[in-house]
Amino acid sequence: MKKQLLKLVALALLTIGTTQAQKALTKEDVQEQKIQSLIKKMTIQEKVGLLHANSKFYVSGVKRLGIPEWALSDGPHGVRAEINRHDWAYAGWTNDSSTCFPPGTALAASWNPKLAYERGIVLGEEARFRKKDVLLGPGVNIIRSPLCGRNFEYMSEDPVLISAMAVPYIKALQSKDVAASVKHWLANNQEDHRTSVDVTMSERALREIYLPGFKAAIIEGGSYTVMGAYNKFRGDWCTENSYLDRDILRKEFGFKGVLMTDWDAAHSTVKAALAGLDLEMGTEKKDYNEWYFANPLIKAVQEGKVPISVVDEKVANVLRIMMKTKMLGDKSRVKGAINTPAHQKAAYNSAAEAAVLLQNNGHLLPLDFSKLKSVAVIGDNATRKHCGGGLSSEIKTLYEVTPLEAMQKKFGKNVTINYALGYEKQSSFKEGSNAGQSNTDKVDWKLIDEAVAAAKKSDVAIIFGGLNHDFDTESFDKQHMRLPYGQETLIREVTKANPNTVVVIIAGSPLELGGITSRVPSILWAWYGGMEAGNAVADVLSGKVNPSGKMPFTLPVSLQQSPAHALGNFPGRDLNVNYEEGILVGYRWFDTKKIAPQFPFGYGLSYTNFELGALSSDKATYGKEDVIKVKFTVKNTGSRYGAEVPQLYVSDPVCSVMRPAKELKAFDKVFLQPGESKTVELNVKVSDLAFYDEAQKGLNVEAGDFILQLGNSSGNISQTLKIAVK
């Protein structure tokens with residue numbers, strides 16, 4: 001009896017111990033156990049099948065083990081229409097029309113992270129509706145040159161602004177069981193020779209300018225996948241660069257997701273495998289078994305050139321993301337929805353908040369359409385639809401409202417709208433060549449005369465100019481920064497005929513505006529506004545929406561003001577480009593060199609006025625582990641509801657290395673009724689004041705004084721405050 005009792009006690013203790021051990025296992029532990037269990041059951045052929053595509057946007061699964069095919073889609077600002085499995089033609093589906101948002105620069109121009117989160121939710125829901133598992137975006141590369149063709153997809157010249165917008169975008173998207181793919185890792189800052197150029201930059205520039213957006217996207221945003229860029233970095237292709245892919249991405253950032261190629265960006269089997277590449281996409285070989293990570297990878301394992309443990313690591317990365325997105329039999333996975341009224345409202349909000357009022361002499365805007373009898377609407381961009389351009393970012397959208405359509409619908413019953421083309425699109429698009437941009441400065445006097453006639457018989461003239469996706473596009477860079485198609489001549493002649501002329505710029509990258517700023521009273525930068533573009537711009541022009549956007553990049557007077565061009569380092573020489581400007585990118589260059597741009601970074605006007613109150617900090621002296629807490633008030637001193645974006649910059653006047661005149665460290669977007677004021681609190685970690693010390697090979701905050709600078713653009717600082725770091 002006693003022995004039996006002892007056995008029962010021992011069994012009970014064993015059961016309790018087992019239960020406690022099971023409880024001690026985290027969700028991640030259980031997940032990793034399942035991953036290893038699946039890997040042990042796979043053949044080498046099945047493992048390798050998970051590491052390369054079996055079509056343009058799909059990757060094979062392992063049906064017998066319940067591992068489904070992986071579906072990827074382009075989609076920084078909308079889910080791309082369905083592509084045929086084995087060629088680039090569209091599949092002709094009738095249920096793949098997606099919500100089209102304004103692209104990256106427009107998102108950043110809103111300076112509103114809440115809109116980035118809202119966008120991520122919509123994209124996630126629509127990707128799931130389309131049964132997509134990975135959405136390729138966001139793009140977080142720095143806008144280094146005004147000419148980069150993909151500037152419109154990226155966000156800003158500043159890593160703090162990029163990080164603030166990318167993190168909520170990624171979190172929201174992935175909350176809908178869709179993996180983000182932050183791109184393009186790394187230094188894809190030009191399209192010319194993008195598949196062959198070798199980028200060299202200082203370690204300090206890498207750490208302070210080009211890495212932070214990716215770091216935030218991975219560590220704070222938790223991006224499940226990363227897409228490697230086409231270019232080389234310091235001699236090695238980005239997709240087989242051990243320093244980038246092993247040392248920084250895996251070890252420093254702790255990335256445990258999937259590193260994939262851009263389409264046709266793989267160059268080797270052994271080197272890429274050992275460097276940390278997981279997934280090969282888009283290689284231009286018809287037989288998928290001949291791809292680098294197909295039969296050649298099996299052969300490399302058999303010959304001992306790649307350990308099987310490296311293959312298993314890659315398979316584990318893929319399975320881990322499949323589990324995180326609930327692909328392996330989880331019935332709670334989001335089902336999705338597409339083109340709902342809420343989705344369309346989100347697209348409208350994004351376009352409306354992106355609009356930047358650059359100039360408003362004499363307060364011509366907003367226009368009171370109840371007092372106007374006639375309006376001239378002029379320009380190709382008044383009727384052109386843009387959602388279908390830009391190559392990989394093109395969207396087949398359910399509808400796209402043009403400015404002319406919106407104005408006719410909203411005001412046409414009571415106001416005569418006189419439309420004139422004004423200028424004609426003279427460019428042509430051919431993938432990989434910007435030759436179609438040549439000779440696009442022809443002045444068509446017949447069209448200008450028609451526009452002048454329309455302007456003369458109207459109370460107000462509105463010219464919709466700028467660019468289109470023959471200029472802002474993947475695969476090549478712009479040839480220049482000028483307004484094409486003789487637009488400056490058109491604007492000059494129309495303004496002479498009707499001084500009440502508004503110019504609306506539709507573009508995603510910097511343009512020279514010096515030829516028009518002295519001619520027209522009002523300039524509104526409205527970006528590519530997505531499917532609700534026309535409604536948003538009409539509401540801003542009429543005052544229903546008060547513009548609250550701020551420029552996410554500097555607008556130079558001329559191209560030669562920009563650092564890469566001032567130093568002759570764009571697009572490089574002999575397929576090598578040296579980022580000689582170092583950390584002085586964008587406003588850092590302009591402010592430090594005391595060069596006056598046309599419009600500074602962070603600039604944007606409103607139909608109301610704001611006042612920033614006294615800047616104060618919680619302490620005068622801080623330790624290196626502290627957080628600087630600053631306070632100030634923002635007051636709407638005007639007569640309209642609106643939003644201001646107070647921006648906190650920091651400078652380090654005495655330092656052992658050169659520091660920029662100022663660097664953005666925090667901002668907020670504050671919406672206020674007339675007469676209303678709010679107290680704003682911004683926090684900055686002292687560690688974020690660091691520079692990268694190349695001698696110490698690490699970030700360094702030197703003791704001494706720092707100057708906090710508060711303003712509403714990099715060019716308009718209203719007050720400063722000195723603090724000390726001990």
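Histidine 363 is found in the loop between strand E10 (356–360) and strand E11 (374–378). Its phi is near 50 degrees, a positive value in a residue other than glycine. The model is predicted.

**Positive phi**

- Histidine 363 has a relative accessible area of 67%. That is over the 50% cut-off, so histidine 363 counts as exposed.
- Leucine 391 also carries a positive phi, about 65 degrees, although it is not a glycine.
- Leucine 391 lies in the loop between E11 and helix H14 (403–411).
- With a relative accessibility of 16%, leucine 391 counts as buried. The cut-off for that class is under 20%.

**Cis peptide bonds**

- The peptide bond from lysine 183 to histidine 184 is cis, and its omega is near -5 degrees.
- Histidine 184 is placed in strand E4.
- Another cis peptide bond joins tryptophan 185 and leucine 186, with omega about 15 degrees.
- Leucine 186 is in the loop between E4 and strand E5 (198–200).

**Aromatic pairs**

- Searching the whole structure gives 20 aromatic pairs.
- One of them joins tryptophan 185 and phenylalanine 214, whose ring centres are 5.3 Å apart. The planes meet at 75 degrees, so this pair is edge-to-face. The cut-off for edge-to-face is over 60 degrees.
- Tryptophan 185 belongs to strand E4 (residues 179–185), while phenylalanine 214 belongs to helix H8 (residues 212–220). The pair therefore ties together parts that are 29 residues apart in sequence.
- Both partners are buried: tryptophan 185 has a relative accessible area of 0%, and phenylalanine 214 has 1%.
- Tyrosine 423 and tyrosine 485 form a stacked pair, 5.7 Å centre to centre, with 10 degrees between the planes.
- This tyrosine pair links distant parts of the chain, 62 residues apart. Tyrosine 423 sits in the loop between strand E12 (416–420) and helix H15 (445–456). Tyrosine 485 sits in the loop between strand E13 (460–466) and helix H16 (487–497).
- Tyrosine 423 counts as buried at 2% relative accessibility. Tyrosine 485 is likewise buried at 2%.
- One aromatic cluster is formed by Trp111, Tyr587, Phe601, Tyr649 and Phe667.

**Charges over rings**

- Arginine 144 places its charged end over the ring of tyrosine 579, 3.9 Å from the ring centre.
- Lysine 285 has its charged end over the ring of tyrosine 292, 4.7 Å from the ring centre.

**Helix crossing**

- Two packed helices are described by the angle between their axes and the distance between the axes.
- For helix H2 (residues 27–41) and helix H12 (residues 308–324), the axes come within 10 Å. They cross at roughly 130 degrees.
- That angle makes H2 oblique to H12.
- The crossing of H2 past H12 is right-handed.
- On the H2 side, the contact is made by Gln31, Glu32, Lys34, Ile35, Gln36, Leu38 and Ile39.
- On the H12 side, it is made by Asp312, Val315, Ala316, Leu319, Arg320, Met323 and Lys324.

Notes: Residues are numbered from 1 along each chain as its sequence is written. This is a predicted model: local features need pLDDT of at least 70, side-chain atom pairs count only at pLDDT 80 or more; totals for chains, interfaces and linings use all residues. Side-chain values use heavy atoms; hydrogens and water are left out. Rings of Phe, Tyr and Trp (its six-membered ring) pair if their centres lie within 6.5 Å; planes under 30 degrees apart count as stacked, over 60 as edge-to-face and the rest as tilted. Helices (H or I, at least four residues) and strands (E, at least two) are DSSP runs, numbered from the N terminus. Buried means under 20% relative accessible area, exposed over 50%, partly exposed in between (1.4 Å probe, protein chains only). A charge sits over a ring if NZ of Lys or CZ of Arg is within 6 Å of the ring centre and within 35 degrees of the ring normal. Axes are lines fitted to C-alpha atoms, for helices over the stretch in contact, and angles run from 0 to 180 degrees between N-to-C directions. Angles under 35 degrees count as roughly parallel, over 145 as roughly antiparallel, 65 to 115 as roughly perpendicular and the rest as oblique. A crossing is left-handed if the near helix is turned anticlockwise from the far one by less than a right angle, and right-handed if clockwise. Contact means heavy atoms within 4.5 Å.
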